[in-house]
Amino acid sequence: VQLQASGGGLVQAGGSLRLSCAASGRTFSSYAMGWFRQAPGKEREFVAAINRSGSNTYYADSVKGRFTISRDNAKNTVYLQMNSLKPEDTAVYYCAAGGIVAERPGPYDYWGQGTLVTVSS
């Protein structure tokens, strides 16, 4: 499966952005999906994940209550709604697809190219 992330940009602190990740192929609904981010000089970190049906979601403590992950299997797309953004949310955001939901990068088999989110103070 090929993943294409979009929706990043420059936003002021307190603002909102919605990231999208469009998947190719007809097997999107068979994959758990995750969002990760990587800030300059830091390791890639887990942000959020969602199971195949969309019935279960998981979040890093740092984004809980501010970010919402969702998916539309009919559109082969996963979303990350980001509200109350903070400067520390600045990073390249990656979507990923894998066989199981995980809060670490290893279990994910496919990765998008990343989209840059910059939050100014």
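**Notebook: a hairpin, its sheet and a salt-bridge network**

I began at the hairpin of β7 and β8, where 4 residues lie between the strands and Asn76 takes a positive phi near 55 degrees. Strands here are DSSP runs (E, at least two residues) numbered from the N terminus. I note that this is a predicted model, in which local features need pLDDT of at least 70 and side-chain atom pairs count only at pLDDT 80 or more, while totals for chains, interfaces and linings use all residues. Residues are numbered from 1 along each chain as its sequence is written, and side-chain values use heavy atoms, with hydrogens and water left out.

**Entry 1: the sheet.** I looked up how β7 is joined to β8 (residues 77-82): the two run antiparallel, with 6 bridges. Two strands count as paired if DSSP finds at least two bridges between them. Arg71 stands opposite Val78 in β8. I then read the faces of β7 (residues 67-72): Phe67, Ile69 and Arg71 are on the covered face, and Thr68, Ser70 and Asp72 on the uncovered one. The open sheet has 4 strands in the order β1-β3-β8-β7, with antiparallel pairing. Its edge strands are β1 (3-6) and β7, each of which pairs on one side only.

**Entry 2: salt bridges.** I searched the whole structure and found 4 salt bridges, each defined as a side-chain nitrogen of Lys or Arg within 4 Å of a carboxyl oxygen of Asp or Glu. Arg37 meets Glu45 at 2.6 Å, N to O. Asp89 forms a salt bridge with Arg37, with the closest N and O atoms 2.9 Å apart. Because Asp89 lies in the loop between β8 and β9 and Arg37 in strand β4 (residues 32-38), this pair ties together parts that are 52 residues apart in sequence. Asp89 also forms a salt bridge with Arg66, the closest N and O atoms being 2.7 Å apart. Arg66 lies in the loop between β6 (57-59) and β7, 23 residues from Asp89. Shared partners join Arg37, Glu45, Arg66 and Asp89 into one network.

Entry 3: Arg37 counts as buried because its relative accessibility is 5%. Glu45, at 35%, counts as partly exposed. Arg66 is buried, as is Asp89.

**Entry 4: Tyr94.** I located Tyr94 in strand β9 (residues 91-98). Its relative accessibility is 14%, so Tyr94 counts as buried. Leaving aside neighbours within four places in sequence, its contacts (heavy atoms within 4.5 Å) include Trp35, Phe36, Arg44 and Trp111.

Notes:
Buried means under 20% relative accessible area, exposed over 50%, partly exposed in between (1.4 Å probe, protein chains only).
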